[in-house]
Amino acid sequence: MRLKAASKSGKLQVSAIAGTRAILIALNMSDTDRKGLLGFAFKRSIGNGPGQWLKGTKTFPSLAPKQPTGHAIHFPTNESPVQSFLWSDYEAQPATKYSFEVAAMYGKPGALDPRETVTFDVQTEPADDGQHGIWFNRGAIASQAFADQFGNRSLTDADYNDPANKEVAWLSRGLLEACLEYIRSTPAGDGLRVCAYEFTYQRVHEELIEAIKRGVDVQIIYHATSANKKAIRTSGLAAKRGGKQILFERTRPKTPHNKFIVRLEKNKTPVAVWTGSTNFTPSGFLGQTNVGHLVTDKTIAATYLKLWDELSTNPESKEQHANAFTLSPNPKNVIDKGTTPVFSPRPSDRMLNWYGARAGDAATSAMFTGAFTVDPDILGPMAKHGPAMRFILLERPPTHEITQAQANNPTDLMFSYGAILGKTQFQQAEGHDEDGKKTKKWVPIPHFKIEEWYLEEELERKNGQGFIFFIHTKFLLVDPLSNDPLVATGSANFSGESLKSNDENMLLIRGNTRVADIYLTEFDRIFRHFYSRDAANNIAKHGGQTKFGLLDDTDRWTNDYFDSANAKNHRREIFFADPKMTWQADAAKDPDVFVGEGVRGSKKPTDDEAPVARAAARKKTAVKKRSKKKAKKKKAKKTASPKKKAKAKKKGATKKKAKAKAKKRAARGKS
């Protein structure tokens, strides 16, 4: 749900967007009226209940606690207002009516005066409207809320598998429960077709075993890793039952990255598919940011079932490519309204051009999540100047190319990445998990100091093991605030590898404002959660003193929001842009060069995109050349005959002797 409201004088305007569990409130006023503004206060009531002033974690220096308290302190916003033109309520519940009062606060700390007030009602979306069910987990373990409520206690396997565990419920935020309910609600006589990449969560196994016992035809494709096999042995999930095969091993490609479950009514008619970015693991449901997306649509479910049938045969690469592309050809630039699936592997990675072109077509905003980095064919359009504001959310600190792109366009591009307050992460070359993935370690930032009422944040992980800790969602939003938004969401990491080599599935959803509102509010929640931590850590890394928890006791904080050269100003404006402005206008002008397959790069980059594209292309070429050279040397060394090896060894020894003699002669000469 989305609405606009204003104060009686019209000086304070509100744009509110309600998802399922987050309500985003954007604020606006004139340059003149922000003089003397110290922030905004928020009061909320549920239904017809009493209103309460909501609380934040920042306060004015004169009101700050003088001694450490040992627990998190929260300050009412009518006394310590929010100094931002964007604020969200993250404790909302689905399908619930809320009433808000927002007040612009003037005066001075300790004696604030609410001069402009806006009141409005908003209804959050149901998690499932019968067409699209969408569940995001908390995805913010490294947070003050987790530290305050649970003390960063590491969960055990028993905790993960305990349905009554409060930490599990808090971290899941409905995601795990929705997946288990999807399986549990499938009656006897129906069928479930599971395709799993990581498949280690015992609670999922147990739910599938119960489904089999009550007469559901369950068939599971899983990646044949040691971790998955061990989990299957532990749960007792049988390979066959009554002569019917249940488990189907997937040994190719290297990364069979799909995670979906198709439901068949009467074990014949596909009616729904559970998909998204969530692996069937504790970390998938409870750790990294993930989404589960349920589509109840017979046509879409039937297409996914055809994909499952093909994958169950463990096909060779050529068959995989042909099947995925036959089921989901490259779309037109202006796709039809509704839901369009895109499967991998594909004959080429030209869909990257499609995604990049759509981001470049955005009229007001584009939002992108990437676990690793941003392909140049997406980064180029994301980095171009105006008119849209573009946001990039990453798992890891940005590459040089991303940092440079933002430096070249500080007004229209913002990025954020996973972080813990006061710590940096690095890859440990010597540490790996049981499937060979490198582990990470977090190291304190020297001399990092933060206000005493903040708690130390830590990840709820065992010994820092794992591969992805923060951002695991894979989605792109194009003009989500418009009347005709585009949402691309699924399992693929928007990379050439995910398109050409991996098993993947994506959904392109056009024109559904409810879906866009849910994804937008969750993107903003995670983006701003990490953005503030990135800023504080970067200040500390460069020897500065962060005032993470302190408010400005003047109106200077508003300057960035009214500076035409600042991204915060552009971000303030996009929430009040005309919703009729959409990406289709520019997309319709582009030729549909992506429908066919062939050589990539058919759309010429604009002047803004070209520097980014050229730099990334040069780097990619150099890396490929080095890799080829290394591979050639390695192959030559491996295939050399014993005679040649001996000759090379002798030659090397001769060279060493010659160098040693030359060194001795030089030493005698110096003495």
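Pro253 sits in the loop between β16 (247–250) and β17 (260–265), where helices (H or I, at least four residues) and strands (E, at least two) are DSSP runs, numbered from the N terminus. The model is predicted, so that local features need pLDDT of at least 70 and side-chain atom pairs count only at pLDDT 80 or more, while totals for chains, interfaces and linings use all residues. Residues are numbered from 1 along each chain as its sequence is written, and side-chain values use heavy atoms, with hydrogens and water left out.

**Backbone geometry**

- Most residues other than glycine have a negative phi, and most peptide bonds are trans.
- Arg252 and Pro253 are joined by a cis peptide bond, with omega at about 0 degrees.
- A cis peptide bond also joins Gly386 and Pro387, with omega at about -5 degrees, and Pro387 has its place in the loop between α11 (376–383) and β22 (389–394).
- Lys266, a residue other than glycine, has a positive phi near 55 degrees and lies in the loop between β17 and β18 (269–276); with 64% relative accessibility it counts as exposed (buried means under 20% relative accessible area, exposed over 50%, partly exposed in between, with a 1.4 Å probe and protein chains only).
- Phe494, although not a glycine, has a positive phi of about 50 degrees; this residue lies in the loop between β27 (486–490) and α13 and is buried, at a relative accessible area of 2%.

**Cavities**

- The count comes to six cavities of 30 Å³ or more, a cavity being a set of points, on a 1 Å grid over the protein atoms alone, where a 1.4 Å probe fits but cannot get out, and lining residues having an atom within 4 Å of a point.
- The largest cavity has a volume of about 80 Å³, where grid points are joined across faces, edges and corners and a volume is the space filled by probe spheres set on the points.
- Among the residues lining the largest cavity are Leu86, Met367, Phe391 and Arg571, while helix α14 (residues 513–541) gives the most to this lining, with five residues.
- The lining of the largest cavity divides into seven nonpolar, no polar and three charged residues (Ala, Val, Leu, Ile, Met, Phe, Trp, Tyr, Cys and Pro count as nonpolar, Asp, Glu, Lys and Arg as charged, and the others, Gly among them, as polar).
- The second largest cavity holds about 60 Å³ of space, and its lining includes Phe494, Tyr355 and Glu504.
- β20 (338–344), α13 (496–500) and β28 (504–510) each supply at least two residues of the lining of the second largest cavity, to which β20 gives the most, with three residues.

Key: 1 Å grid on protein atoms, 1.4 Å probe; cavity = no way out; pocket = protein on both sides within 12 Å on 5 of 7 lines; lining within 4 Å.
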